[in-house]
Structure formats: C-alpha cells, structure tokens
Amino acid sequence: MPLYFSAIAQDGPREGKPQGIYFRSPTLDSPYTMQFNFNSGNGPDSWSGTHYLSGYYPDVAQINAGSGVISVAAKVNDYVTKTGYTLLDQPDNADHPNGYPVFAGPEGKGDAGDANAKPDQPIFGSGSSNTGNGPPPDDSAIIMKWSPSQVGSFKDGDSFDMSFNSSINMGTAPVVRADDTYLHVPTTATTVAIPGGVFDLNSNRAAVYYQIDGTPVTTANAGDIANKKTLYNAQYTTDPPHSDYLNFAGQITNTADLKILTDGKAHTVYLYAIDTPDSTSTVPDPYKQDIALTSNVVQVAVNKPAQVDINLVDENGAALVDRW
C-alpha cells in the first residue's frame, strides 16, 4: 500500500511543511486512508516511509538452564545505519538495489527532512494493484525516531513525552490540495487565483468549493454549509479506479468576494470538495457509492503578515549579540 506526504501544516513545529504521512490503497480492496500527523511538540523529528523491516535474532550468549545449555538471542534491527539504507534486511527485488530506506545516523531525519516534499507526493510503494502490469505492491511501513538533539540529556530516572496523532478516513472521499497555502492579493487585483487539484478514487464527479473567513470549515460541517460557492467542477473521463489529480486554475471572480480579498487585510480561504455518488449499474464494482463524501479542508492564508528571523554573524561566523 503506497505512502504519501500529508497536507502542509499551517502552524506548529512543521509549519510550511507536510505534517506527516498517509497510506492510501490504489484500489478499494481496502477502502480507507490512514493518516499519521507528527506536527506536535512531542512528535518525532524524524520519520520515513519504507518497506516492512524484519527483526533479526542472533545468538549472543549461552546459559545453563538446568536441563541443558540454551542459546539466548537479541533482537537487532536496521532502523539506523551509516548509509541510510538497510544492511541486514536486503530486498529480494531490483527495485531497491541499495537496501530499504532508513535513517542515516542518529540525527538522520528521513522523509521528514525532505526540503522539496509536496502534499500527496508518493514516498514509498509502487501503488501497483498487482494485476500483472508492473511490479507487485511494496509491503510499506512507517518508521519514526526521536533524535538525540530532540530528546537532549537523558539520564536514569528521566522521562520524555512522545506522541503523534493518527486517524482513519474513507478512501473513497475526495482529496483537495492547493498549489500554495499563502497568497498575497494586491488591492488592485481584478481576479484572485487559488490553483490546485482534486482527486477521487471512485467517483467520476466532484465539486470544489471555497469559503472566505467565517466559521472554520471542517470535513464534518462542510456538507451543512448553505449557498456553497463553487470553484471548480471536476469530471473524470475514465472509469474508476482513478489515479490522477484533476488540476484547476481556481479563479475567484465574484465581485463581493473580490472586494473582501482586495481590502489589504488578512483573510483565510477554505477549500473543500464533495463528490457525486453513483451506485448505478454503469459503475463497476466495488466502486459504487450511494452517499456524497466530503474531502479534507485546505486553508489558504491571504495577506498573512510574514515573520522573518535574522541572525547576524561576524566574518568568522560567530553570532553577534546586541550592543546598545
């Protein structure tokens, strides 16, 4: 089952970066997505998508158990290596010639340190449904690590909180993404564009909506919003299962909305999608759906004040302190 980067975090320690990872089946054999959100103060600073990793149990000692001598084994794993790839757990196919990806040293960040990571970008797993076309699906897994620099000094009797959030959602619900989650709108703008994409595994149609400010939109309350404002009507031309996002330009042209967005003040635009169910005989099993499902909600910050941290150093690279 393939692994993907999650949505961009709007705040918290991973602000501006994907907040974590999610699993999503390329078919409806398992009609769910499973989200792992690491964007918290006690979340792991290092995480990665990889193959399921086996444990090894080499004999490390022998003891006399009364009835005879028995061997004692220790569990060894490959989660942290010098190269960032497994040494003991060697792949049985040519797709991973260097080994499976793990952490490169105690401070290695794995996929969490990918500066070019994008929401919904595949991390690991072929995504093939093993129909005879292409390689079989990878047995994917997530590994997490709290690095020494995050934990700090840790002595006997000390404690350290570790946590992350996870959730399971229907894999048949649409998924929305925005190309950018920050937007500067000049006061002279005549249109506002919020480009992005929408994906739906099994539905041929989905509508993308937007809301400016107001009560925060969530997956739970989006369906109850009256007078929804349409940003894009998505229409697939092929039968499910679908594998591609349908991209949209996201032009907002409503006069009243433009007046709000061009006032020079900070605003929040919420994007979400609701698909059109179809359970007719023309839809192949198991892709029939009899209720409309709502996507994730993407928040786009408009004219949000930027914060810049400036660190001054001298010609030797040493930090300069304030001198008044």
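These legends go with a few close-up views of a predicted model. Local features need pLDDT of at least 70 and side-chain atom pairs count only at pLDDT 80 or more, while totals for chains, interfaces and linings use all residues. Residues are numbered from 1 along each chain as its sequence is written, and side-chain values use heavy atoms, with hydrogens and water left out.

**View A. Arg14, a buried charge without a salt bridge.** Arg14 sits in the loop between strand S1 (3-5) and strand S2 (20-24); strands are DSSP E runs of at least two residues. Buried means under 20% relative accessible area with a 1.4 Å probe, protein chains only. A salt bridge would need a side-chain nitrogen of Lys or Arg within 4 Å of a carboxyl oxygen of Asp or Glu, but the nearest side chain of opposite charge, Asp114, is 8.8 Å off. Beyond neighbours within four places in sequence, Arg14 has contacts (heavy atoms within 4.5 Å) with Ala9, Gln19, Asn39, Trp47 and Ala112.

**View B. Strand S2, covered on both faces.** Gly20, Tyr22 and Arg24 are buried on one side, Ile21 and Phe23 on the other. S2 pairs antiparallel with S1 over three bridges (pairing takes at least two DSSP bridges), and Tyr4 stands opposite Tyr22. Five bridges join S2 to antiparallel strand S3 (residues 32-37), where Met34 faces Phe23.

**View C. The largest nonpolar core.** Such a core is a set of buried Ala, Val, Leu, Ile, Met, Phe, Trp, Tyr and Cys residues joined through side-chain atoms within 4.5 Å. Of its 30 residues, Val192, Ile194, Val198, Val269, Leu271 and Val300 touch the most other members. Apart from it lies another core of 17 residues, including Phe23 and Ala112.

Notes. Helix = DSSP H or I, 4+ residues; strand = E, 2+ residues; numbered from the N terminus. Buried < 20%, exposed > 50% of the residue type's maximum accessible area, 1.4 Å probe, protein only. Lys, Arg positive; Asp, Glu negative; His and termini not counted.
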